[in-house]
Every structure is written in structure tokens, then in C-alpha cells.
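Welcome! Open your viewer, get the selection tool ready, and follow along one stop at a time.

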Amino acid sequence: MIPRDTPPVLPEAIKRVLASPKFAASLTLIILSVAFGTHLLRSMMGWAGLLGIVVGLVLLATFSLIARRPIVEWHGLLPISIIIFVGWCALSMVWSGYVTATLAGVAYQVAFGFLAIYVALVRDTFQVVRATGDVLRVLLGLSIALEVLSGILLDLPISFLKITGNIADLGPIQGVFGSRNVLGLIALIAVITFAVELRARSIPRGRGIASLVLAAICLLLTRSPVIIVTALVVIVAAYALTVLRRTPVATRWRLQLALLGITLVTLVAAWFGRGTLITQLNAGSEFEVRYSLWTEMWRLIQLHPLEGWGWAGIWPRSDTPYGWLDFTTGRTQTSGLNAFLDVYFQVGLIGFLAFVVLLVLAFVRSWLLASNKRSLVYVWPALILVVLLVTSAAESTILVEFGWLLLCICSVKAAQSMSWRSALAFKSDAPS
């Protein structure tokens with residue numbers, strides 16, 4: 001007979017497992033795999049299967065955080081900018097004409113945001129980089145393998161994955177991500193991740209070089225004009241960070257101001273010369289579809305300029321006005337193909353401003369950390385945000401799934417180091 005005061009063995013054992021570093025590392029790998037592999041999972045299992053996996057991960061992450069509560073640093077945990085933006089998206093259910101879709105979109109957004117917070121809390125930045133690299137090596141390798149199978153061995157498209165089998169013609173290829181732009185975006189994220197791993201000597205040199213070659217091949221075979229521009233911007237940003245990190249601290253602020261001025265001038269010049277830029281990139285036919293979509297979105301925005309039509313995240317094509325946008329463009333659209341306009345359309349000017357504040361704070365904090373911290377790992381969040389911000393002009397990837405997950409991870413990591421709430425907490429803990 002077991003005495004009543006004997007503590008239960010199983011719950012304590014489970015608690016130790018949930019609080020262990022190995023469990024956190026494994027769960028982080030699964031979370032990143034699911035976030036980057038949503039198209040693959042959705043194509044194979046449907047929405048029900050994907051949502052079941054996401055719910056299961058949220059539950060596991062919740063239990064793990066409860067078990068790790070005594071050892072987790074909670075000061076400056078969640079940037080207020082994220083709370084305000086997500087809160088406004090949730091509030092849009094009040095005026096949304098598709099309440100069910102808005103509720104589902106907000107829940108999906110919160111789920112990936114929560115998973116991002118878990119990863120940022122239980123793993124340091126270097127461990128996040130390593131986990132991201134491991135996941136992307138597998139997914140990019142699988143993408144090339146399936147493209148070779150489809151385009152060379154079988155010479156047949158893999159329709160349910162949207163693989164057209166064009167690798168024999170040197171692209172464009174889509175891999176397991178559904179479109180060439182998304183594959184190019186993920187390949188560019190992989191290039192940054194593998195380069196940081198290689199420079200930090202966290203993986204064998206041979207594996208690092210092979211990983212970079214794999215990512216570069218995927219990047220080139222997408223033949224995406226959007227990714228070409230993004231890659232050029234990333235190269236410039238990486239060079240700027242290299243110069244900044246080598247500049248003496250006393251004069252570094254002057255160089256920062258000069259870079260800010262050059263960036264603003266470049267953005268203005270790119271806006272006024274956008275027609276010539278599109279022609280040079282040979283993106284005219286694709287841009288015409290985007291332009292017709294953006295024009296109609298802007299017309300509809302005028303009907304609800306402050307509050308928007310209601311948050312949806314991934315567009316519910318059966319609801320108004322998304323079905324109308326499909327009709328006017330002659331294509332099935334799942335997003336506004338521009339994150340800024342997409343946010344403006346869904347949650348109005350107030351939501352747009354909240355989103356811009358979130359991006360600016362996350363980027364400025366990450367950039368300053370990358371400029372001032374000696375460790376190379378701080379460069380990773382800054383360059384990842386550069387990729388997400390630039391591609392936001394032509395894709396809405398940053399609003400959902402892996403894009404939103406990476407934005408939240410980078411934002412939380414930056415806030416942990418530079419949040420004003422952390423400074424207040426430090427002062428309050430200081431002896432009087």
C-alpha cells in the first residue's frame with residue numbers, strides 16, 4: 001500500500017522531461033520544420049492534418065514553458081508592438097464581414113506567434129540558427145530531389161505539390177514550398193543561416209560549403225526577379241554590417257546616420273524609378289497581374305480606410321471581397337502579394353501603423369545589436385529581417401506561418417536585449 005504523502009512519480013518524471021534542454025531542442029526542430037513545411041504538410045494531409053499538428057505543438061510548448069517556468073527569463077518577454085498589432089487584428093472581428101474566417105486567421109496567427117515566443121525563450125540565438133540550418137538543409141535537399149524526380153526521371157509534374165518539373169530547363173522550380181518566390185526566399189534565408197554557421201565554425205567546413213552550394217542552386221533555379229533584388233539588398237546590408245562592426249565605437253554613430261540617409265534616398269529613387277526597374281528585371285507580365293490586384297485592393301480600401309475589412313491572414317477566397325479580387329485578376333489569390341498593402345487592406349490604417357511600428361522596432365533593435373555586439377550570431381536576425389522586409393514589397397509571407405514565426409523570433413530576441421522594460425526591471429532589482 002502506497003502512503004498518501006508519497007509524491008506521484010509519473011508527473012514529476014514528465015516534468016523533468018518537459019523541462020530538459022533535449023526536449024526544448026527537439027521541439028524547436030519540429031516547430032521550425034512545421035513552419036517551413038506548411039505547404040508540404042497541407043498538400044499531403046490537408047488543413048485538418050496541419051492544424052492538428054500545430055495545436056499539438058502549442059500544447060507541448062505550453063507544458064514545456066510551465067515546467068521551465070523557474071528558469072525562464074520573463075523580463076521584456078513580449079514586445080508591446082506585437083501585442084498591439086495582434087490585438088488590433090483580433091479586434092477586427094467586431095466589424096469583419098467574415099467573422100469565422102477572422103477568428104480562424106487570428107488563432108492561426110497567435111499559434112505561430114506563441115511557438116515563436118517559445119523558441120525565443122528556450123533557445124539562444126545561436127541554437128536557433130543551428131536548428132534553422134538543420135531544417136533548411138533537409139527541406140532544400142528534398143526540394144531538389146523531388147524536382148529531379150519530376151523533371152528528369154519521370155518528366156511529369158507533381159501536381160499536388162505544385163512542382164512543374166522545369167529543372168531540366170534550369171527552372172523556374174518551386175520545390176516543396178509551392179512557388180518559386182517562396183522557395184527563393186527560403187533559399188536566401190538558408191544562405192544567411194549557412195554562412196553564419198560556417199563563419200562561426202559550428203558545423204564542419206565541408207558540410208557548410210555543401211549547404212551553401214545547395215542553397216545557391218535552389219536560389220538560382222527559382223529565376224525569381226523578386227529574389228534577385230532581395231539578394232542584392234542582402235549583400236549590401238551584409239557589407240554595411242561588416243564595415244560597421246570594424247568601425248571604432250566613437251565614430252560608429254556617424255556611419256549609422258550616413259547609412260540611414262543613403263537608405264532613404266535609395267528607397268525614394270526606387271519608388272520613382274519603379275517602372276524602369278520592373279522593365280530591367282523582365283517582370284512585366286507578372287507585375288501586370290500584381291498591379292491589377294493592388295489597384296483593386298486600393299479602391300476597396302477606400303470603403304474602410306481606418307479599420308479595414310477584417311483580419312484573415314491567408315485569404316478566404318469564398319468570402320467577400322476576396323472572391324471579387326480573384327475575379328478581377330483572373331487568378332486565385334491567397335494574399336495581397338504585398339505585406340504592407342495586405343495589412344492596410346485587412347486592418348486599415350491603424351493596423352498598418354501598428355505593423356510598421358512592429359517592423360521598425362524589431363529591425364532597429366536587431367541592426368544595432370548586430371552593429372555593436374562582437375558575436376557574429378547577432379548578424380543573423382538583422383539580415384533575416386532585411387530579407388523579410390524587402391520581400392514584403394512583393395509577397396505577404398511575413399504575415400503568416402514561417403515569415404510571421406521568424407519575425408516574432410527576431411523581435412523577441414531583440415527586445416530581450418534592448419527592451420526598455422528590461423532596463424526598468426534591472427533598476428527595480430538594484431539595491432537601494
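Is arginine 137 buried or exposed, and what about glutamate 197? Select both and look: glutamate 197 is buried, and arginine 137 is buried too. Here buried means under 20% relative accessible area, exposed means over 50%, and partly exposed lies in between (1.4 Å probe, protein chains only).

Before we move on, a word about what you are viewing. This is a predicted model, in which local features need pLDDT of at least 70 and side-chain atom pairs count only at pLDDT 80 or more, while totals for chains, interfaces and linings use all residues. Residues are numbered from 1 along each chain as its sequence is written, and side-chain values use heavy atoms, leaving out hydrogens and water.

**Stop 1**

Keep glutamate 197 and arginine 137 selected: their side chains meet in a salt bridge at 3.1 Å, N to O. A salt bridge is a side-chain nitrogen of Lys or Arg within 4 Å of a carboxyl oxygen of Asp or Glu. This pair links distant parts of the chain, with glutamate 197 in helix α7 and arginine 137 in helix α6, 60 residues apart.

**Stop 2: helix α16**

Next, select residues 401-418, which make up helix α16. Its 18 residues reach 26 Å from the first C-alpha to the last, close to the 26 Å expected at 1.5 Å a residue; the expected span is 1.5 Å times one less than the number of residues. Because 15 of its 18 residues are buried, α16 is largely enclosed by the rest of the structure.

Now show glutamate 401 and arginine 42, whose side chains form a salt bridge of 2.8 Å, N to O. Glutamate 401 belongs to helix α16 and arginine 42 to helix α3 (residues 38-67), 359 residues apart. With a relative accessible area of 8%, glutamate 401 is buried, whereas arginine 42 is partly exposed at 22%.

Definitions and conventions. Helices (H or I, at least four residues) and strands (E, at least two) are DSSP runs, numbered from the N terminus.
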